[in-house]
Amino acid sequence: MTHGYDFLEITKDGHIATVTLNRPDNLNALSSGLMKEIEQVSRSFLEDEASRVVVFRGAGKHFSAGADLKEQAVPSNLVMQRRTSGLGGRMIKAILDIPQVTIASVHGAALGGGACIPTACDFRVAADDAFCGYPEVNLGINLQWLSLPLCVRLIGPSRAKRMIMLGDRESAKTLFEWGFFDLIVPVDQLQEATTRMAERYAAQPPIPTQMIKQSVNAVSNAIDQAIMHMDTDQFLLTTGTEDRREGNRAFFEKREPEFKGN
Ligand code: COA
């Protein structure tokens, strides 16, 4: 086990590294501290010669409840707001840039940002209790963090619009049928199934395997950077709206929001 992270646990076993999101008391909600560490550990794999596969998983009941809705600190000036709201995008970019094969091992909830992390991985193994969704829209904000095109590519434009516009939670079974999950297993077999998949990729020659990953990503993500740089600005625009405040209030008051379009 390696130390030095407050919100992650990192284990390395032979050619397989496992990154565990480790804020179980907060449902692994993505606080800025956790996101910075995910970005940092993802960049660290550039220097890691031994690992050939990186697994992302969550400690506790859920993979991740997404952006930490209790974290309210926002810089007062717009220059720094634009920069800090780019943190999620930088984290996802760092995951996409990991040279090794990446696998998300998902159980329980993977919502919002918690769904964005698996979409940035090369493969997704789900426990049968897993469910994913993008609740951003019901909080009055856009789906950001470079993740809209990642979802479109996995499940196609029509299902992506449905999932991102309605913010519904979809079951592991549905997401498997849609091609979002590559494999679905009983929850008590998640770890074993993830390890089996990881071992297969770890046994492949790392040079061509990593070249293939890089090339497939280059082809499929080619225009993402050209258009998705603006998703943080969309976020800043939507966070200033009354609908955003209503979405947040409704979540904590456990009621349906009433949106007015302003
Ligand atoms: N950020 C901060 N706190 C969160 C959170 C989040 N994203 N999601 C849940 N919590 C908090 C709850 O408010 C609750 O806090 P409390 O104990 O102080 O009341 C606690 O975590 C437990 O949540 P609960 O809903 O009781 O757990 P659950 O296991 O029944 O359900 C979820 C888990 C993830 C399905 C549910 O909490 C949920 O839908 N969360 C919101 C997801 C979301 O909208 N994320 C933001 C995406 S932009």
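Mentor: Before we start, buried means under 20% relative accessible area, exposed over 50%, and partly exposed in between (1.4 Å probe, protein chains only). We're looking at a predicted model, where local features need pLDDT of at least 70 and side-chain atom pairs count only at pLDDT 80 or more, while totals for chains, interfaces and linings use all residues. Residues are numbered from 1 along each chain as its sequence is written, and side-chain values use heavy atoms, with hydrogens and water left out.

Trainee: OK, helix 12 then: which of its residues are buried?

Mentor: Helices (H or I, at least four residues) and strands (E, at least two) are DSSP runs, numbered from the N terminus. Helix 12 covers residues 242-252, and its buried residues pack against helix 11 (231-239), with contact meaning heavy atoms within 4.5 Å. The buried ones are Asp-243, Arg-244, Glu-246, Gly-247, Asn-248 and Ala-250.

Trainee: Which residue with a positive phi follows helix 12?

Mentor: Look in the segment after helix 12. Most residues other than glycine have a negative phi. The one you want is Lys-254.

Trainee: And is Phe-259 buried, partly exposed or exposed?

Mentor: Phe-259 also lies in the segment after helix 12. Its contacts, not counting residues up to four places away in sequence, are Val-137, Asn-138, Gly-140, Asp-243, Glu-246 and Gly-247. Its C-alpha atom is separated by 9.8 Å from that of Arg-245, 14 residues away along the chain. With a relative accessible area of 35%, Phe-259 is partly exposed.

Trainee: Back to positive phi: is Asn-28 buried or exposed?

Mentor: Asn-28 isn't a glycine, yet its phi is positive, near 55 degrees. You'll find Asn-28 in the loop between strand 2 and helix 1 (32-44). Its relative accessibility is 0%, so Asn-28 counts as buried.

Trainee: Which residue takes a positive phi in the hairpin of strand 1 and strand 2?

Mentor: Strand 1 (residues 8-13) and strand 2 (residues 16-21) pair in the antiparallel sense over 6 bridges; two strands pair if DSSP finds at least two bridges between them. Thr-11 has Thr-18 in strand 2 as its bridge partner. The hairpin has 2 residues between the strands, and the one with phi near 60 degrees is Gly-14.

Trainee: How many residues of strand 4 are buried?

Mentor: Take strand 4 (residues 101-106) face by face. Val-101, Ile-103 and Ser-105 are buried on one side, and Thr-102, Ala-104 and Val-106 are buried on the other. Strand 4 is largely enclosed by the rest of the structure, so the count is 6 of the 6.

Trainee: How many residues are in the largest nonpolar core?

Mentor: A nonpolar core is a set of buried Ala, Val, Leu, Ile, Met, Phe, Trp, Tyr and Cys residues joined through side-chain atoms within 4.5 Å. Leu-8, Ile-38 and Phe-181 are among the residues with the most contacts inside the largest one, and Phe-181 touches Val-106, Ala-126 and Leu-175, among others. The size of this core is 46 residues.

Trainee: Last one: how much of the ligand's accessible area does the protein cover?

Mentor: Among the closest of the 18 surrounding residues (a heavy atom within 4 Å) are Lys-61, His-62 and Arg-169. A ligand nitrogen is 2.8 Å from a polar backbone atom of Ala-65, and a polar side-chain atom of Arg-169 lies 2.7 Å from a ligand oxygen. Of the 880 Å² that the ligand has on its own (Shrake-Rupley, 1.4 Å probe), the protein covers 68%.

How values were computed:
Polar contact = N/O pair within 3.5 Å; in protein donor to acceptor, adjacent residues only side chain to side chain.
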